[in-house]
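Keep the view open as you read.

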Amino acid sequence: MDDIDRQIINRLQGGFPICEHPYREAAAELGIREEELIRRLQKLLDDGLLSRFGPMYHAEKLGGGLSLCAMAIPEERFDQVAEQVNAFPEVAHNYARDHKLNMWFVLATETPERIDEVLAEIEAATGYKVYNMPKQEEFYVGLRFEL
Amino acid sequence: MVLNESDSRLIAAIQDGLPLSARPWAEVGERIGMDEGEVIRRVKALQEQGYIKRFGLVVRHHELGYNANAMVVWDVPDERVAEVGEALGRQRCVTLCYQRPRRLPHWPYNLFCMIHGKDRQRVLDYIDQVTEELGLQEIPREVLFSGRRFKQRGAKYR
């Protein structure tokens, strides 16, 4: 990764032109050629530094359900329960965190109603309570990483 | 704007990424039987209406060295949540900031923000600094660093 890659990452997290020749336009702003931008993006994707180059959708507006959930799992059962939880296709990502509530995952469902159903299914499968903490208000959603 | 069947096809067609070619929208259009101009118009509309929050590059932050990933949670009096949430959201290193429900008695926190950094101690120092600058010393808070990551994928649209 060199300075040009870093510039690409910093600039293109913020947006991308929607037009007939978007790579040409974005490349011009970065002072490189279209082919070079495409080649570098492909390399960043191939190297696993980018998860994708495309849209970030508004899940709720598209009719989906979205929530952050937490569970308190005894250390000795943790791996087994993580496996049970992750087996649900609605579990988008799952992180261990250092707290009594030590398992935190995001649920993304096709409809808002499915959230409660899936939570009940997870509780039934694991035998542990799930704390459901859906977003009530959004103050900032930048989620950008400066390099 | 109400989404129709063409919009849904378009949403599904680009969810994994835009083709890396000189005329990506023409390529997308070919796949779903829509001409390039129409694809571009619809994508712009989806973005203007907020169905697409952002278009561009999505990084894998761990792979870029952002391994100190802190969820900072605060127990803010309800009448101050909006004010504190907005102030935290303006801080440079805060990547997300949401109000969520408390789950008493086990979980008293109602304001969540994410701070992604490369080094735990620097993230902790930064949190102390922000707390002081915004005068939030009296507000109970906890910092939950992430440990192992078990799964990471985006939501899927059909």
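Two strands count as paired if DSSP finds at least two bridges between them. Keep that rule in mind for the strands below. The model is predicted.

β2(A) is mostly covered: five of its seven residues are buried. β2(A) has two strand partners to look at here. One is strand β4 (residues 103-109) of chain A; the two run antiparallel and are joined by seven bridges. Within that pairing, A:Cys69 has A:Phe105 of β4(A) as its bridge partner. The other is β5(A), which pairs with β2(A) in the antiparallel sense over three bridges. There, A:Ala70 stands opposite A:Tyr131 of β5(A).

Now turn to the contact between the chains. Chain A puts in 60 residues and chain B puts in 61. On the side of chain A that touches chain B, several elements supply at least two residues each. Among them are the helices α1 (3-12), α2 (22-30), α3 (34-46) and α4 (78-86). The strands include β1 (50-57), β3 (91-97), β5 (131-133) and β6 (137-140). Which element gives the most? β1(A) does, with eight residues. By class, this side of chain A holds 34 nonpolar, 16 polar and ten charged residues.

Strand pairing also crosses from one chain to the other. β6(A) pairs with strand β3 (residues 94-99) of chain B, in the antiparallel sense, over three bridges. Look for A:Glu137 there: B:Gln99 of β3(B) stands opposite.

Definitions and conventions. Residues numbered from 1 in each chain as written. Chains lettered and ligands numbered in written order. Predicted model: local features only at pLDDT ≥ 70, side-chain atom pairs only at ≥ 80, totals over all residues. Contact = placed C-beta atoms within 7 Å. Helix = DSSP H or I, 4+ residues; strand = E, 2+ residues; numbered from the N terminus. Nonpolar A, V, L, I, M, F, W, Y, C, P; charged D, E, K, R; others polar. Buried ≥ 20, exposed ≤ 12 C-beta atoms within 10 Å, placed from the backbone.
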